[in-house]
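Please open the model in your viewer and keep the selection tool at hand. The stops below say what to select next and what can be found there.

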Amino acid sequence: MLTIKTPYQYINEPGATLHAGQYIDDLKIGRHPLIIAGKSAAQALGSGFFSSLVKHGIHQAANETFYGYPSQRQFDFYASKAKENGADFIIGIGGGRVLDTAKATADILGLPVVTVPTVAATCAAWAAVTIQYDDKGSYVRSRFNAKAPYLVIADPKIIFTAPERYLFSGVVDTFAKFYEVRPTYEQHPDDVPLALALEASKIAFRNLEVNTFNAVKEAHKGIFGQAARDVIDAIIYLAGFAGSFKGDHAHYSFAHPFYHSSTRLIHTNIKLHGEKVAFGIITQLILEKKSDYEIKEALRIFNKYGAAFTLSDFALEKNQDEDLTFLKKDITHEFPYVPYTAGEIKSALLKADTITKDFLAEEKK
């Protein structure tokens with residue numbers, strides 16, 4: 001069975017947030033939103049976004065500031081706030097944690113959700129899934145929502161003024177779409193959803209390599225043109241599109257299971273989602289027995305975005321044996337579709353560390 005969940009409308013234009021009210025009004029989404037926003041995200045939008053809502057007769061049922069992680073406690077809290085205040089749709093403003101919380105809240109209530117990403121660190125603005133954590137930041141599950149966000153409003157002027165670290169994390173996380181779809185496609189080359197996902201991930205990969213640094217350079221000059229739009233499209237739209245197809249085959253991937261399990265070692269959460277995924281990809285390539293050339297090429301690409309990491313970068317060197325033992329057991333237990341043994345996983349993690357150290361040492365010469 002093939003399932004595709006995509007937003008009804010996706011907008012990516014400089015100044016788009018200043019016309020949010022018009023977009024929402026045109027789509028007849030609702031009149032009284034519960035707004036869930038990170039404090040810095042709301043400040044980044046400024047008053048123009050909120051003035052646009054009022055101009056088009058959209059009045060906040062409530063405006064709640066988000067802190068922490070997308071946990072069940074958070075979902076229940078915001079759902080109760082929406083009910084208390086008579087909200088007829090949800091708006092999420094911020095990074096992946098805020099957007100995931102807004103999506104889950106809307107899903108619980110059966111309401112539409114509008115996502116307004118203020119960073120492009122993941123495809124969370126698009127995806128019909130919430131990565132659920134506990135209140136300390138440990139992964140709980142991937143919570144599949146009935147629908148994708150109804151409307152996505154991406155504004156390059158906002159996204160490209162966020163710290164570059166978040167953008168680069170999103171770039172590497174998007175690269176991962178190609179590496180993670182490919183092994184499943186190699187097992188099932190006649191699977192049309194997989195072929196579509198692979199092609200979308202290839203286009204995203206190519207667009208990011210061509211445009212990212214040009215977009216950053218232009219943004220520093222106050223220019224938010226086609227390069228910026230192409231980068232945001234790749235991270236949010238194309239990566240989200242690639243993940244929208246759910247067919248009959250679980251992906252034979254390792255990088256995201258590694259990320260999810262690593263969050264249960266709280267001390268590793270000094271790194272962003274995409275930064276952890278980068279190390280997971282190098283480990284996955286080793287598990288797949290890819291050539292040294294391909295592994296080093298991936299490291300070369302990741303390094304351009306500050307994402308060639310060793311175990312010490314994730315604070316895994318102090319209790320290395322204990323932590324890696326936990327990871328190998330947790331991954332094999334929680335993600336049975338990962339086709340590797342616990343022993344193979346631990347060996348590959350150590351080899352990824354060694355190869356990356358050697359690569360970085362060569363780069364310094």
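Select Thr356 to begin: this residue is buried, with a relative accessible area of 0%, where buried means under 20% relative accessible area, exposed means over 50%, and partly exposed is in between (1.4 Å probe, protein chains only). Thr356 lies in helix H14, residues 342–364; helices (H or I, at least four residues) and strands (E, at least two) are DSSP runs, numbered from the N terminus. This is a predicted model, in which local features need pLDDT of at least 70 and side-chain atom pairs count only at pLDDT 80 or more, while totals for chains, interfaces and linings use all residues. Residues are numbered from 1 along each chain as its sequence is written, and side-chain values use heavy atoms, with hydrogens and water left out.

Ile282 is 74 residues away from Thr356 along the chain, and the C-alpha atoms of the two are separated by 8.6 Å.

Next, go to helix H1 (20–27), where Ala20, Gly21, Tyr23, Ile24, Asp25 and Leu27 are buried. Because 6 of the 8 residues of H1 are buried, this helix is largely enclosed by the rest of the structure. The buried residues of H1 pack against strand S2 (9–12), H3, S5, S6 and S9, and just after H1, Lys28 takes a positive phi of about 55°.

From there, move on to helix H3, residues 47–55, and colour Phe49, Phe50, Ser52 and Leu53, which are buried. They cover an arc of only 155° around the axis, which puts them on the same side of H3; the arc is that of the directions from the helix axis to the C-beta atoms. On the other side of H3, Ser47 and Lys55 are exposed. The partners of the buried residues of H3 include helix H1 (20–27), helix H2 (39–45) and strand S4 (62–66). Just after H3, look for Gly57, which takes a positive phi of about 75°.

The following stop is Asn145, found in the loop between strand S8 (139–144) and strand S9 (151–154). Is Asn145 buried or exposed? At 1% relative accessibility, Asn145 counts as buried. A polar contact of 2.8 Å joins the side chains of Asn145 and Arg143 (a pair of N or O atoms within 3.5 Å; within protein, one must be able to donate a hydrogen and the other to accept it, and residues adjacent in sequence count only if both atoms are side-chain atoms). Leaving aside neighbours within four places in sequence, Asn145 is also in contact with residues including Lys5, Lys103, Asp107 and Thr130.

Finally, select Gly94, Gly95, Gly96, Leu99, Pro117, Val119, Ala121, Thr122, Ala124, Ala125 and Ile236, the residues that line the largest cavity. On a 1 Å grid over the protein atoms alone, a cavity is a set of points where a 1.4 Å probe fits but cannot get out, and lining residues have an atom within 4 Å of a point. This cavity has a volume of about 40 Å³, a volume being the space filled by probe spheres set on the points, which are joined across faces, edges and corners.

Notes
Contact means heavy atoms within 4.5 Å. On a 1 Å grid over the protein atoms alone, a cavity is a set of points where a 1.4 Å probe fits but cannot get out, and a pocket is an open set with protein on both sides within 12 Å along at least five of seven lines; lining residues have an atom within 4 Å of a point.
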